[in-house]
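Dear colleague,

Please find the structure we discussed below, together with its sequence. My notes on what was found in it follow.

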Amino acid sequence: MSQTRTVPRRISSMLLNSLSGGVVPRTGLEYIAIGRTDEINAILSDFSDLEADGSCFRFLIGRYGSGKSFLLRLIRSHGLDRGFVTCDADLSPERRLVGSKGQGLATYRELMRNLATKASPEGGALPSLLSKWITAMQTECAGKGLTPGSPEFQAAMEATIREKCAAFDTEVHGFDFTFAVTSFYKGFVTGDEAAKNAALKWFRGEYATKTEAKKEISVSDIPDDNTWGDYLKLVGALARAAGYKGLLVFIDEAVNLYKITQSVSREQNYEKLLNLYNDAMQGRLYGMGFFVGGTPQFLEDTRRGLFSYEALRSRLVSNRFAGEGLKDFSSPVIRLSRLTNEEIYALIRRVMNIHATHFDWTPPISEEELAMFMQDMASRIGADSLLTPREVLRDFIGLLNVLRQNPGASFKTLVDTTTFQAADADPEEDDFTEFTV
């Protein structure tokens, strides 16, 4: 990717702010992506399968600083460009797959809040998704010579909706899903915002009780901790019906499942993960892909990780023929290694160019000094395993900021008089604000 590629100012501002704060940018990743060619090509192959009504499930596993969050975001960006709908959520103590205090439903709500399309990449795309689906049917009915707004047109629309929704009715909870879609349509054509908002509230899982939902939208059931996965599948079917390639689901910080102390609760979450995995790998989720980011401990720990759950261990164990430098990117588990120092060096050069263009200045840093900076960072104690692009970029952008605002400052003097060290990392902790490429 060319380093001279022009970055829109809004994107460069967001990139520099995110990187200096040590978090993964949500957009603009293509301007700073380095490496991961094999992994990305494997995922793009998955996309081709999804477009042909297939399904997939991938675990992206790597140590602190290996690039899970960045790669998940980059895959999401590729998916939006390819015409997929995406949704994403970071797990936490308040968001799990299953929980006694609504943690599973909280994850579903987050996924729906972050529902995105290429036209709405920041999320909040649920209304436009439904509207696009309805508009496509209106176009179909208008193509039959019917006049929009006429009784004949309305009757044809309702018949078309019933026909299109027949595919939903065969799924679990499909009847209520169809009713909510129809309710949104009626509000859409009549301008009844209350009806539209009630339907959207139901889709987002925001009704606290079935009684409340039945009163406002006349449905008999609502998404909850146990059933949200079924509703997510229906959203995937809706995305396909609206003309998108499918639905991509991204779940990061899965190490939070590993951290659940109660074994029964932890196993219930792994059971939920197993059900989604089985549905995807058995081809039951047309056009749906799941991508889960976690640490080696989350996967391999035989006491608390996925390997403690035999049904998952037997499915996710490494290919015994892939070793000694041999890789298998068709496996459901993609293991990420730390970026090389050469790749990190290329990354800071790219970020320096973005910084220079954004602030319209010329950083007083020679190629030799840049190489010395990288060599200095790489020589710190623990850098071979703990030094990550997040630390390097955060410090480097801070250095650029000082140089820009203090014209008399010297790059060499600042580097020589400042102590850099790799951040401490707990091998059982994931990086909750990690950045790497």
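In these notes, a residue is called buried when its relative accessible area is under 20%, exposed when it is over 50%, and partly exposed in between (1.4 Å probe, protein chains only). Please note that this is a predicted model, in which local features need pLDDT of at least 70 and side-chain atom pairs count only at pLDDT 80 or more, whereas totals for chains, interfaces and linings use all residues. Residues are numbered from 1 along each chain as its sequence is written, and side-chain values use heavy atoms, with hydrogens and water left out.

Overall picture

The protein contains 19 helices and 5 strands, where helices (H or I, at least four residues) and strands (E, at least two) are DSSP runs numbered from the N terminus. Its radius of gyration is 24 Å, close to the 22 Å that the globule rule gives for 437 residues, so the protein is as compact as a globular protein of that length. That radius is taken over C-alpha atoms, and the rule is 2.2 Å times the number of residues to the power 0.38. The C-alpha trace spans about 80 × 50 × 40 Å along its principal axes. Of the 437 residues, 51% count as buried.

Strand 3

Strand 3 (residues 247-252) is largely enclosed by the rest of the structure, because 6 of its 6 residues are buried. Both of its faces are covered: Leu247, Val249 and Ile251 lie on one side, and Leu248, Phe250 and Asp252 on the other. Two strands are said to pair if DSSP finds at least two bridges between them. Strand 3 pairs in the parallel sense with strand 2 (residues 85-90) over 6 bridges, and also in the parallel sense with strand 4 (residues 288-294) over 5 bridges.

Helix 15

Helix 15 (residues 341-359) has 19 residues and should span 27 Å at 1.5 Å a residue; its end C-alpha atoms are 27 Å apart, which agrees. The expected span is 1.5 Å times one less than the number of residues. The buried residues of this helix include Arg350, His355 and His358, as well as Ile344, Leu347 and Ile348. Among the elements that cover its buried residues are helix 1 (9-20), helix 16 (367-378) and helix 18 (389-405), a contact being heavy atoms within 4.5 Å. Asp360 follows helix 15 and has a positive phi, near 55 degrees.

Yours sincerely
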